[in-house]
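Here is a short briefing on one protein chain, written for reading beside its sequence and coordinates. How is the chain built, and which parts of it pack together?

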Amino acid sequence: MKTIFSGRQFLSKSLTVAILSGCGGFLGWSQTPSQPFPHLSLGSAAQAQESFNYSEENIRNYARAALALESRRHEVVNEIKKIVGDVPRIICDQPTSFSALPGNAPKLAVSYCDQAKRTVEAKGLTISQFNEMTRRQQNDPRFRQRIQAEILRLLQSGAN
């Protein structure tokens with residue numbers, strides 16, 4: 001049986017992949033050949049010591065947070081690109097990763113990191129949970145599929 005995707009389904013699926021590739025640990029920009037565009041990492045220092053229960057609510061909260069962060073992340077990356085060219089890896093909980101950037105770039109990074117932290121927490125997750133779920137979705141295809149399905153559901157329903 002051949003599956004046919006409509007243009008909207010293709011766009012939703014592409015956006016889902018972009019969102020998941022954009023989620024790094026607690027927000028750090030990185031541009032490498034293996035990544036289609038810079039991502040944000042909310043810190044790698046807090047390697048979660050505990051295992052989190054990934055209930056459907058956790059999945060929903062993660063998907064909502066990722067969707068909420070994506071457009072602003074793109075805006076900030078593009079603004080910083082205008083200042084520095086290639087965006088270096090920026091990790092929110094490591095100020096030295098962006099404090100030496102020229103011009104207004106550090107201020108943009110700090111503002112985004114503050115906003116991202118508030119967004120993740122407003123969606124019902126701790127930063128540690130967000131980071132752990134990001135790592136898991138990067139390494140566990142079945143978990144990533146659960147998140148992709150929830151992002152698609154949110155995009156299609158308009159409820160994020």
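This is a predicted model: local features need pLDDT of at least 70, side-chain atom pairs count only at pLDDT 80 or more; totals for chains, interfaces and linings use all residues.

Residues are numbered from 1 along each chain as its sequence is written, and side-chain values use heavy atoms, with hydrogens and water left out.

**Overall build**

- The chain contains five helices and two strands; helices (H or I, at least four residues) and strands (E, at least two) are DSSP runs numbered from the N terminus.
- Read from the N terminus, the order of elements is α-β-α-β-α-α-α.
- The chain has 160 residues, and 44% of them count as buried; buried means under 20% relative accessible area, exposed over 50%, and partly exposed in between, with a 1.4 Å probe and protein chains only.
- Its accessible surface is about 8,600 Å², and carbon and sulfur atoms account for 52% of that; the areas come from the Shrake-Rupley method with a 1.4 Å probe, and for residues only the protein chains shown count as cover.
- Of the contacts between residues at least 6 apart in sequence, 69% join residues at least 24 apart; a contact means heavy atoms within 4.5 Å.

**Helix H2 against helix H3**

- H2 and H3 pack at an angle of about 175°, and their axes are 10 Å apart; axes are lines fitted to C-alpha atoms, for helices over the stretch in contact, and angles run from 0 to 180 degrees between N-to-C directions.
- The two helices, H2 and H3, are therefore roughly antiparallel; angles under 35 degrees count as roughly parallel, over 145 as roughly antiparallel, 65 to 115 as roughly perpendicular and the rest as oblique.
- On the H2 side the contact residues include Ala65, Leu69, Arg72, Val76, Ile80 and Val84, and on the H3 side they include Ala105, Leu108, Tyr112, Ala116 and Val120.
- By class, this contact of H2 with H3 has 13 nonpolar, two polar and three charged residues; Ala, Val, Leu, Ile, Met, Phe, Trp, Tyr, Cys and Pro count as nonpolar, Asp, Glu, Lys and Arg as charged, and the others, Gly among them, as polar.

**Helix H2 against helix H4**

- H2 (residues 56-84) and H4 (residues 127-139) pack at about 95°, with axes 11 Å apart.
- That angle makes H2 roughly perpendicular to H4.
- H2 makes the contact through Asn58, Ile59, Tyr62, Ala65 and Leu69, and H4 through Gln129, Phe130, Met133, Thr134 and Gln137.
- The contact of H2 with H4 has six nonpolar, four polar and no charged residues.

**Nonpolar core**

- In soluble globular proteins, nonpolar side chains tend to be buried together.
- Here the largest nonpolar core has 28 residues, and those with the most contacts inside it are Ile80, Ile90, Val120, Phe130 and Met133; such a core is a set of buried Ala, Val, Leu, Ile, Met, Phe, Trp, Tyr and Cys residues joined through side-chain atoms within 4.5 Å.
- H2, H3 (105-122), H4 and H5 (141-157) each supply at least two residues of this core.
- H2 gives the largest share of the core, nine residues.

**Single residues**

- Asn61 lies in H2 and counts as buried at 10% relative accessibility.
- Apart from neighbours within four places in sequence, Asn61 is in contact with Lys123, Gly124 and Leu125.
- Val87 sits in the loop between H2 and E2 and is buried, with a relative accessible area of 4%.
- The C-alpha atoms of Val87 and Val77, ten residues apart along the chain, are separated by 7.1 Å.
- Asn104 is in the loop between strand E2 (90-91) and H3 and, at 39% relative accessibility, counts as partly exposed.
- Asn104 and Glu79 are 25 residues apart along the chain, with their C-alpha atoms separated by 9.2 Å.
- Gln148 lies in H5 and is buried, with a relative accessible area of 16%.
- Leu154 also lies in H5 and is buried, with a relative accessible area of 0%.
- From Leu154 to Ala63 the C-alpha distance is 8.0 Å, although 91 residues separate the two in sequence.
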